[in-house]
Amino acid sequence: MVETSKIQRISDLDTVVDCDFHLVERQSDILPYIEEPFNKMLSRSTGDDYGYLSNLYPTPGFLTPVTTGKVQSETVRSPEDVRRGMEMLETDRSVLTPTQNLYLACVHHDELAGALAGAYNEYLLDTFIEPNEGLYGAVVVPPQKPQRGAEEIEKHGDEDGIIAAFVPSGGVHPPLGNSQYEPIYEAAESKGLPVMMHNAAGTMMKNFPQQFHGLDRYLSTHVPAHAMQHMVNLSSMITQGIPVKYPELNFIIQEAGIGWIPYFMRRFDAEYSGKREDAPMLNQQPSDYIRDQFYFTSQPLEGADDPAYIEHTLRLFDGGNNLMFSSDYPHLDFDHSDELLKMLRGKFSDEEIENIYGQTALSVYDF
Amino acid sequence: MSDTTTDKKRYFVASTAELESNDRVIAEIQGREIAVFDVDGEYYAVANYCVHQGGPACEGLLSGTVTVNEEMELSYDQEGEVVACPWHGWEFDVKTGEHLASSEYVLPTYDVVVDDCKVYVEL
């Protein structure tokens, strides 16, 4: 038990950084930025009014609470929309992330995926990035085209307000430890940018198609999807020695909750003891690399009605140094900034709470 | 019945006609936002503050909900009796304030009094 806590509410914190604030990019936002030949191919004046650009991102066809109207998500298509959300969440800085482009790894045309990433990045910079107002962003890279991803990082990595590279990691194939992705890691490391990894539940349709079809519901897909895809990618990355090859590179693992993290670290160490020959590059325990180079964002915080669970789980992976607050606003399972703080008060020191809400992010991202 | 409770006060919310045409009215009473729902002429008052993360629970979709019948076939029940918090979709029975997925979570409810076509909440 910590003796006294001066931090009672969000406004008591020095800086609140939201590590996952989503834009809701639409066809009319992205089309003007698409490079040739796709601009000529896609800039037609007639077409179906669903927005044909979104049809280029395979969709899972989920029946969700948004579909039924039981969740009424805000839209975020202007800096004013961002400011309104930040005011509600009481945050000082937002790391802006995409929505449609969470499905970028599923786009069924590699060159088009590159063009879509490029267009999103131009749109992001043109429309939103404003460090003086706390609006920061990450360069989206197309997993299908690692070299193009590296070029995007090199092109925008020095721009004011670009503070990370963003890999839409859901649906990637092969997993992210494969050597084909090394241009992305090399470029990010050389620009001093951490690599954010963010899945979407529906991207299961590509890398776990059998399970996706068999699950047959949004709920049953969403429960395992985020942590499951992260575990596969992290397993691949650490076994292949990515953190050893890029020792200055940090990774930010998003939107999978917290309980799986201490489980995964301990399981990896236990397995490694008997299977070390599969990972000869490693110089220390797999969990040491996770502690040193991997950071985790908080949303969606499971067990928020169980303070003992939250305290215990965070202690099991040094959450006071490795966890960073994220809201996921305006998506349907976003967390208000209050949600985690209620669980930390009285259990964690003021320094740890400040770390989780902003100080760690200030050091991990390239602010 | 309200006249017998000496420690509670009545607060006007809306006329019955207004509620009939709007299905719900949200009023601020003594610093609390309280929604009054009209379910087939019966009135129910529920706090407009979600017990999950503080969203405006009573401002969301008022509808029914999916359930299963005795043969475990999908059916749709409680039409007009279920409000969903627009932030995260938590469903609440407006008659009881109970969360449909777990009755451990309950929105506070309040007594409603109708007097001369005027609907009041008692606090």
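Which residue takes a positive phi in the hairpin of β2(B) and β3(B)? In this hairpin, with two residues between the strands, B:Gln30 has a positive phi near 50°. The model is predicted; local features need pLDDT of at least 70, side-chain atom pairs count only at pLDDT 80 or more, and totals for chains, interfaces and linings use all residues. Residues are numbered from 1 along each chain as its sequence is written, chains are lettered from A and ligands numbered from 1 in the order in which they are written, and side-chain values use heavy atoms, with hydrogens and water left out.

Strands β2 (residues 24–29) and β3 (residues 32–39) of chain B run antiparallel and are joined by six bridges. Two strands pair if DSSP finds at least two bridges between them. B:Val25 stands opposite B:Val36 in β3(B). Helices (H or I, at least four residues) and strands (E, at least two) are DSSP runs, numbered from the N terminus.

Confidence is given as pLDDT, the predictor's score for each residue, from 0 to 100. Chain B has a mean of 94, with 95% of its residues at 70 or more. Within chain B, helix α1 (residues 16–22) is lowest, at a mean of 91. Strand β7 (residues 91–93) is highest, at 98.

In chain A, helices α16 (residues 337–344) and α17 (residues 350–364) pack at an angle of about 165°, with axes 11 Å apart. Axes are lines fitted to C-alpha atoms, for helices over the stretch in contact, and angles run from 0 to 180 degrees between N-to-C directions. α16(A) is therefore roughly antiparallel to α17(A) (over 145 degrees).

Terms used:
Angles under 35 degrees count as roughly parallel, over 145 as roughly antiparallel, 65 to 115 as roughly perpendicular and the rest as oblique.
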